[in-house]
Amino acid sequence: MHFRLNPYRIYCTSVAISSLSQIARYARFGHIENARKVFDKMPEKSVVAWNSIIAGYFQNYQPREAKILFDRMPERCVVSWNGLISGYIKNGMVSEARKVFDLMPERNVVSWTAMVRGYVKEGMVSEAESLFWQMPEKNVVSWTVMLGGLIQEGRIDEACRIFDMMPEKDVVARTSMIGGFCQEGRLAEAREIFDEMPRRNVITWTTMISGYVHNQQVDVARKLFEVMPEKNEVSWTAMLMGYTQCERIEEALELFDAMPVKSIVACNAMILGLGQNGEVAKARWVFDQMRERDDGTWSAMIKVYEQNGFELEALNLFAVMQREGVKPNFPSLISVLGLCASLASLDRGKQVHGQLVRSQYDLDVYVASVLITMYVKCGNLVKAKLVFDRFAPKDIVMWNSIITGYAQHGLGEEALQVFYEMCSLNILPDDVTFIGVLSACSYTGKVKEGLEIFESMNSKYQVEQRTEHYACMVDLLGRAGQVNEAMNLIESMPVEADAVVWGALLGACRTHMKLDLAEVAAKKLVQLEPKNSGHYTLLSNIYASKGKWGDVAVLRKKMRSRSVSKSPGCSWIEVEKKVHMFTGGDSMGHPEQELIMKMLERISGLLREAGYCPDGSFVLHDVDEEEKVHMLGYHSEKLAVAYGLLKLPEGVPIRVMKNLRVCGDCHSAIKLIAKVTGRDIILRDANRFHHFKDGLCSCKDYW
């Protein structure tokens, strides 16, 4: 007997298969409208076709459209209902999925398993467990999904019981169990399952290797890695991250070079690993070699620059990232905000703030604290206070940020007012709060209030007094001229005084001309920080002022033998969203140096007319007077101020940052510059902010 095939039927079947294929392909690539056109043109729509288009809408996160089509289906099967459940779960709508599950005319094991999986996915493991035990029948997938849920919650012992009850243990279940044990640090039990497995796949091997890496057993991981029958990108990356996390960078580089395919994740890990070891150039080389980058790549490279002090390079890379249309992720925005704070790049900081608002990240309390710090460090206290006032509820970090901000700007009254407001709201201050409050008292000469607050730390607020708080008190007493009392406080400290404490005393001694005590403090500082050139310079000048030239020579010899070199003074200013950096003594390092020199000459003439005379005590005593005047004239902050006068229009404050403490001569000069030019100048040095206006400074000449 011979059967003849109907050509029309074959044609219709092939058209239907082709249409289903097109629907699936369009949906997969996000072209759901095209998929719908193909579906609408189908002369006969089977249940499979309806299921396919509904799945496409769910795949493209259009659950409402999917449900409308489901309701229009002329006939449905259990697969249709299961597709609706799975679609809702994929879109995070687990309660809608449960309603469908409860309405189903008939359910199979796939229906039950899909619902259990949905609960597990949403972290509702108790609900998943309850449903799991109601299942009329369970297959290996059901058991494995429930097992994964318990492991996800860290309930490893209960997972063990489920694992032992499983009638059939496939490779997925065993691999899940290995991962669970590794998460809990129970490597021996994980290895026992691994060794007993009749069959392992590449995921099993990688899970075991990752477990060893996660538990800092990198050498054991490497031995297992070497005997893997096959390796994929994930295996190589897991092993690589083991080395980078343990800072074994040479071995990481060796493995990275051997990788047959260098995935984006592997490259990102390598960039971060190299950055943590200070290998910035190598990290950038890896970045530049990458054909494809994700937002994590850009974030990693920006982080490397930030961690290693390459702030300008980090900001420039962020600008390139934006020009290339890469949307920055949350970590890179936070990194860049920190950079804007470090460089006082207010315009860029405002730009990042705008991006955070558009992404609704600004509603996060941590982000608000970072924004406050950024605006404070950029010298814009008004904007910092606006962010602070708009946010509720406030955590302790936010309160500390605004208190410290007021303190750094010399606004002691405002800092204390915020502190008392915070206490009235029953928010307990911590050790950071008191550093800010005591600094505020110090900067504004509130000795009585400062002493009372210091005494109340332990008795009233149960906050232990640390060296930082003693340093604030030494500074407070020293500023008020109570230098001997400050020394007595140091001698009564329950812990050894550090360089910050002795530095505070030295500052007071210099201001009040207590040279004998200054010599004691400077000697202590040289002992505590033998590589800090500033301490040697101060001690050398103290010796020179007393005519102890022999001691000066001995100190210089000690500096040479210890290879101590002076950190160059560096100042920067932002003009038209670009940061311009100036180094002390280097008047030739800027492309517009001729204009800067002319401005400096003009300023010098105006200052001389106003009665300014350079103070040579702020350079080494054994340098002749003419050279002292030259050296003082090219201090980095003066170069930056000159550039600001050249480039910034009248009415715009000149904001300059310096990496070191501003010297006394520059402080006096900038006060006069503000007066003779009628400009507001804000200078942030290593210690605090100085607001210069009309010949006065907010620090009242004590810093």
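**Note on the predicted model: cysteines, annotated repeats and a helix contact**

1. In this predicted model, a search of the whole structure finds zero disulfides. C509 takes part in no disulfide, and the nearest cysteine sulfur, which belongs to C472, is 17 Å away. A disulfide would require the two sulfur atoms to be within 2.5 Å.

2. Two cysteines may be noted for their burial. C509 has a relative accessible area of 0% and is therefore buried. C666 likewise counts as buried, because its relative accessibility is 0%. The cut-off for this term is a relative accessible area under 20%.

3. Residues 108-142 are 74% helix and 0% strand, with their end C-alpha atoms 12 Å apart. For residues 395-429 the content is 74% helix and 0% strand, and the end C-alpha atoms lie 10 Å apart.

4. Helix 35 (residues 593-609) and helix 37 (residues 636-647) have axes that come within 9 Å and cross at roughly 100 degrees. The two helices are therefore roughly perpendicular to each other, since angles of 65 to 115 degrees are classed in this way.

5. On the side of helix 35, the contact with helix 37 is made by L595, I596, M599, L600 and I603. Helix 37 contributes K638, L639, A642, Y643, L645 and L646. By residue class, the contact comprises 10 nonpolar residues, no polar residues and one charged residue.

Note on methods:
Residues numbered from 1 in each chain as written. Predicted model: local features only at pLDDT ≥ 70, side-chain atom pairs only at ≥ 80, totals over all residues. Heavy atoms only, no water. Axes fitted to C-alpha atoms, helices over the stretch in contact; angles between N-to-C directions. Helix = DSSP H or I, 4+ residues; strand = E, 2+ residues; numbered from the N terminus. Parallel < 35°, antiparallel > 145°, perpendicular 65-115°, else oblique. Contact = heavy atoms within 4.5 Å. Nonpolar A, V, L, I, M, F, W, Y, C, P; charged D, E, K, R; others polar. Buried < 20%, exposed > 50% of the residue type's maximum accessible area, 1.4 Å probe, protein only.
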